[in-house]
Amino acid sequence: MGPTDSHPDDARPTAAAGEDREHGASAGEFGNATYGQKPFRRSRSHFADRVTADGRDGWPVEAGRYRLVASRACPWASRVLVSRRLLGLEDALSLGITDPLQDERSWRFTLDPGGRDPVLGIRYLSEAYDARESGYPGGVSVPAIVDVPSGRLVTNDFQQITLDLATEWTALHRPGAPDLYPEPLRAEIDEVMEGVYRDVNNGVYKAGFATGQREYDEACTALFGRLEALSERLSGQRYLVGRSVTEADIRLFTTLVRFDAVYHGHFKCNRFKLAEDPVLWAYVKDLYQTPGFGDTVDFHHIKQHYYRVHTGVNPTGIVPLGPDLDGWLTPHHREELGGTPFGDGTPPGPVPAGEEVPPGGRP
């Protein structure tokens with residue numbers, strides 16, 4: 001598998017250099033204003049239990065037992081949203097969407113009637129964390145899988161969750177679900193994902209939260225070097241590995257789809273816009289227009305979160321009007337390279353009622 005020593009989108013700059021945890025205080029008290037002011041380090045997922053077919057960690061795969069809590073703003077959580085859609089797990093694994101804006105207790109369910117998640121009955125995701133481990137000092141992160149009967153957090157290990165959805169939840173996959181982590185290609189997928197994680201997924205954060213010029217220069221140089229290498233790789237093939245969508249494409253997509261909207265300006269990753277690289281722009285448009293990808297993306301949530309929560313980077317909280325989203329629906333011509341998105345499978349069905357991205361969040 002790819003690297004596992006990382007943590008989701010709301011990982012904060014640490015309170016002191018080298019401190020190996022996400023953040024030791026609440027978002028309002030410590031986290032938001034210190035983005036770009038304290039050394040940035042992503043730490044290990046604290047709750048790394050797995051939901052598996054054999055239940056070896058005490059959490060067996062079971063339809064309806066678990067709830068996925070995610071933010072549409074967060075690229076790490078968005079991986080799980082895409083995987084869940086492609087595999088047709090919507091009925092088996094219910095979904096709670098958090099407000100893209102956080103208060104002092106982090107992710108909250110203020111989008112739901114009464115400000116409570118309708119299944120878990122909680123106002124804050126932190127309540128599920130507290131039910132699992134009282135006094136847990138780390139950050140409250142998404143994605144999170146919560147055990148509905150007990151209300152306890154099961155896992156926030158975003159690197160493993162999507163791999164397990166692809167390999168451990170197979171009994172609950174829809175007919176025609178694609179194989180997102182095919183065994184013959186796993187070594188190559190893992191190798192590609194490792195570089196994508198280090199230089200792209202996490203690289204934009206290292207650049208955006210840099211506290212010094214050298215730190216920024218190194219992160220930005222590695223980021224654009226990797227993007228150029230990916231562009232060259234994708235110039236002759238439709239997908240990163242093999243002839244259909246895999247886990248590698250999902251992991252790259254969730255960063256690329258945010259690139260021009262937030263990373264180019266907000267995180268100063270501005271050597272070029274994604275739309276200025278013909279190969280990467282066509283590639284990400286191809287994925288966006290593939291059922292299961294773009295129908296999970298909410299550009300409004302993305303911009304609101306990054307520009308309004310990261311007050312250490314953007315103290316005014318002003319959210320830019322651009323970029324224009326119309327280009328996401330223009331032709332990409334990637335089908336000319338061959339391959340099919342779902343291999344021998346079929347597209348997922350319509351987005352379930354209540355899970356549609358509102359019109360303000362899409363082109």
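The largest pocket of this predicted model has a volume of about 300 Å³. On a 1 Å grid over the protein atoms alone, a pocket is an open set of points with protein on both sides within 12 Å along at least five of seven lines, a cavity is a set where a 1.4 Å probe fits but cannot get out, and lining residues have an atom within 4 Å of a point. Grid points are joined across faces, edges and corners, and a volume is the space filled by probe spheres set on the points. Residues are numbered from 1 along each chain as its sequence is written, and side-chain values use heavy atoms, with hydrogens and water left out. In this predicted model, local features need pLDDT of at least 70 and side-chain atom pairs count only at pLDDT 80 or more, whereas totals for chains, interfaces and linings use all residues.

The lining divides into six nonpolar, three polar and six charged residues, where Ala, Val, Leu, Ile, Met, Phe, Trp, Tyr, Cys and Pro count as nonpolar, Asp, Glu, Lys and Arg as charged, and the others, Gly among them, as polar.

The whole structure holds three cavities of 30 Å³ or more. About 60 Å³ lies in the largest cavity, to whose lining α4 gives the most, with four residues. Among the residues lining the largest cavity are Asp-49, Arg-50, Asp-157 and Trp-169. The second largest cavity has a volume of about 50 Å³, and the largest share of its lining, three residues, comes from α2. The lining of the second largest cavity comprises three nonpolar, one polar and five charged residues.

The structure holds 22 aromatic pairs, a pair being rings of Phe, Tyr and Trp (its six-membered ring) with centres within 6.5 Å; planes under 30 degrees apart count as stacked, over 60 as edge-to-face and the rest as tilted. Trp-76 and Phe-158 form an edge-to-face pair, 4.6 Å centre to centre with 75° between the planes. Trp-76 is buried at 1% relative accessible area, and Phe-158 is buried at 0%; buried means under 20%, exposed over 50% and partly exposed in between, with a 1.4 Å probe and protein chains only. The rings of Trp-76 and Tyr-197 have centres 6.0 Å apart and planes at 55°, so this pair is tilted. Tyr-197 lies in helix α5 (residues 186-201), 121 residues from Trp-76. Ring pairs link these residues into a cluster that also includes Phe-259 and Tyr-263.

Helix α8 (residues 247-263) has a kink of about 30° centred on Phe-253, the bend being the angle between axes fitted to the seven residues ending at a residue and the seven starting there. In α8, 17 of its 17 residues are buried.

Finally, the whole structure has zero disulfides, a disulfide being a pair of cysteine sulfur atoms within 2.5 Å. The sulfur of Cys-220 is 5.0 Å from the closest cysteine sulfur, in Cys-269, too far for a bond.

Technical notes: Helix = DSSP H or I, 4+ residues; strand = E, 2+ residues; numbered from the N terminus.
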